[in-house]
Amino acid sequence: MAKVLYSVTMSVDGFITGSGGDMQWMRPYLGPNPEVDELVPRIGSLLVGRRSHDGDDPHKGEPGEGEAFGGGWSGPAYVVTHRPPSAPESDVTYVDDFAKALAQAKAAAGERYVNVIGANIAKQCLEAGELDEVLLLFAPVMLGDGTRLFDHPGGRTVRLERKSVTETPLATSLWFEVVKD
Ligand SMILES: NC(=O)c1ccc[n+]([C@@H]2O[C@H](COP(=O)([O-])OP(=O)(O)OC[C@H]3O[C@@H](n4cnc5c(N)ncnc54)[C@H](OP(=O)(O)O)[C@@H]3O)[C@@H](O)[C@H]2O)c1
C-alpha cells in the first residue's frame with residue numbers, strides 16, 4: 001500500500017518559502033542531489049495544495065518550469081482546491097475534498113509514495129494520521145519569514161524517528177518516519 005511522504009526543501013530556520021511565497025530563494029540549491037534522484041522513481045503520485053500548484057516556481061525561466069521536480073518526474077497529480085477550474089489539464093485532477101484527493105492519490109500510487117506538496121496539505125495528512133514519512137532537504141540559508149514547514153498555532157508535538165542522514169553537495173537531507181501515537 002502507498003506511503004505518504006512530505007518531501008520538501010527547507011531553510012535552517014524552518015521556512016519552505018521566503019516572504020510572500022517567494023521560491024527563488026531555492027535556486028542556488030537546485031543542483032544534483034543523489035537522494036532526490038533515488039526518490040523520484042519511487043513516487044507514484046502527487047498530492048498538491050492549490051497554493052503550491054499556482055505558486056512561484058524555483059525553475060522559473062528554465063526548462064522544467066511548471067513541472068514536478070523541475071521536469072524530473074511525471075505522473076498523476078491530485079490538486080486539492082475549493083476552486084476546481086473547468087479547463088482540463090494533462091495528468092492533473094482537481095479535487096474539492098481532502099480525504100477524497102488523498103484516497104485517489106493513494107490508489108494511483110500503488111506500492112509507491114504519494115508525495116505531498118504544500119505545508120497545509122501535509123498538515124492535514126498529519127492530522128488525519130496519514131502522514132508516514134518526512135524528507136527534509138536542509139538548505140544552508142536562513143530566510144526570516146515565509147511559509148513554515150509546519151504551522152500549528154498553540155503548538156503540537158509530532159514525534160519523528162530518524163531513518164537516515166545524507167550529505168549532498170548543496171544540502172543535508174534528513175529522512176524521518178512519523179511516530180503515530
Ligand atoms: N520548499 C519546497 O520544497 C516547497 C515545495 C512545495 C511547495 N512549496 C511552497 O509552499 C507554499 C504552499 O504551501 P501552503 O501551505 O501555503 O499551501 P498548500 O498546502 O500548497 O495549498 C493550500 C491550499 O489548498 C487548498 N485546500 C487546502 N485544503 C483544502 C481542502 N480540505 N479542501 C479544498 N481545498 C483545500 C486551498 O486552496 P483554495 O481554497 O484556493 O482552492 C488552500 O489555500 C507555496 O508557496 C509553494 O511554492 C515549497
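Colleague: What radius of gyration would a compact globule with 181 residues have, and what does the protein have?

Modeller: The radius of gyration is taken over C-alpha atoms, and the globule rule is 2.2 Å times the number of residues to the power 0.38. For 181 residues a compact globule would be near 16 Å, and the protein has 15 Å, which agrees. This is a predicted model: local features need pLDDT of at least 70, side-chain atom pairs count only at pLDDT 80 or more, and totals for chains, interfaces and linings use all residues. Residues are numbered from 1 along each chain as its sequence is written.

Colleague: How many helices and strands does the protein have?

Modeller: Helices (H or I, at least four residues) and strands (E, at least two) are DSSP runs, numbered from the N terminus. Here there are four helices and eight strands, in the order β-α-β-α-β-β-α-β-α-β-β-β.

Colleague: Which residues are closest to the ligand?

Modeller: A residue counts as near a molecule if its C-beta atom, placed from the backbone, lies within 6 Å of it. The ligand is surrounded by 26 residues, the closest being Gly49, Ser52, Thr81, Gly118 and Asn120. Helix 4 gives the largest share of this shell, four residues.

Colleague: How many residues of helix 4 are buried?

Modeller: A residue is buried if 20 or more other C-beta atoms, placed from the backbone, lie within 10 Å of its own. In helix 4 (119–127), seven of nine residues are buried, including Ala119, Ile121 and Leu126. After helix 4 comes Gly129, with a positive phi near 75°.

Note on methods
A residue is buried if 20 or more other C-beta atoms lie within 10 Å of its own, exposed if 12 or fewer, and partly exposed in between; C-beta atoms are placed from the backbone.
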